[in-house]
Amino acid sequence: MSKKKMQFEVQENESIEACLERMKKQGYVPVRRTEKPIFKEVITGKETSYEPVGRQIVFDAVSSE
């Protein structure tokens, strides 16, 4: 018996709870949460710096069937 795997990304105007509910409605259970920072490049004169502007949250899920 093999389990189907799928990734669910928390959308821009969606809460984590709403994403988990969407996952549950499709018949999946979360097994891992991954967060990746999102940076913006800021150029000041000759120097380049990177500022955090957000994060991307992705859940790995398997079928609950």
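## Basis of the description

Because the model is predicted, local features need pLDDT of at least 70 and side-chain atom pairs count only at pLDDT 80 or more, while totals for chains, interfaces and linings use all residues. Residues are numbered from 1 along each chain as its sequence is written, and side-chain values use heavy atoms, with hydrogens and water left out.

## Fold and sheet

The protein has 1 helix and 3 strands, and along the sequence these follow the pattern β-α-β-β. Helices (H or I, at least four residues) and strands (E, at least two) are DSSP runs, numbered from the N terminus.

The 3 strands make up an open sheet with the order E1-E3-E2 and antiparallel pairing, where two strands pair if DSSP finds at least two bridges between them. Strand E1 (5–9) and strand E2 (28–44) are the edge strands, each pairing on one side only. Strand E2 is joined to strand E3 (residues 47–63) by 16 bridges, and among the residues involved, Pro37 has Arg55 in E3 as its bridge partner.

## Overall form

The C-alpha atoms fill a box of roughly 60 × 25 × 10 Å, taken along the principal axes.

Buried residues make up 23% of the 65 residues; here buried means under 20% relative accessible area, exposed over 50%, and partly exposed in between, with a 1.4 Å probe and protein chains only.

## Salt bridges

Side chains of opposite charge can pair when their charged atoms come close. The structure holds 4 salt bridges, each defined as a side-chain nitrogen of Lys or Arg within 4 Å of a carboxyl oxygen of Asp or Glu. One of them links the side chains of Arg32 and Asp60 at 2.5 Å, N to O. Arg32 lies in strand E2 and Asp60 in strand E3, so this pair ties together parts that are 28 residues apart in sequence. Asp60 counts as buried, at 11% relative accessibility.

Another salt bridge connects Glu35 with Arg33, their closest N and O atoms being 2.5 Å apart, and salt bridges that share partners join Arg33, Glu35 and Arg55 into one network. Glu35 is partly exposed at 38% relative accessibility, as is Arg33 at 42%. The side chains of Arg22 and Glu14 also meet in a salt bridge, at 3.1 Å, N to O, and Arg22 is partly exposed at 26% relative accessibility.
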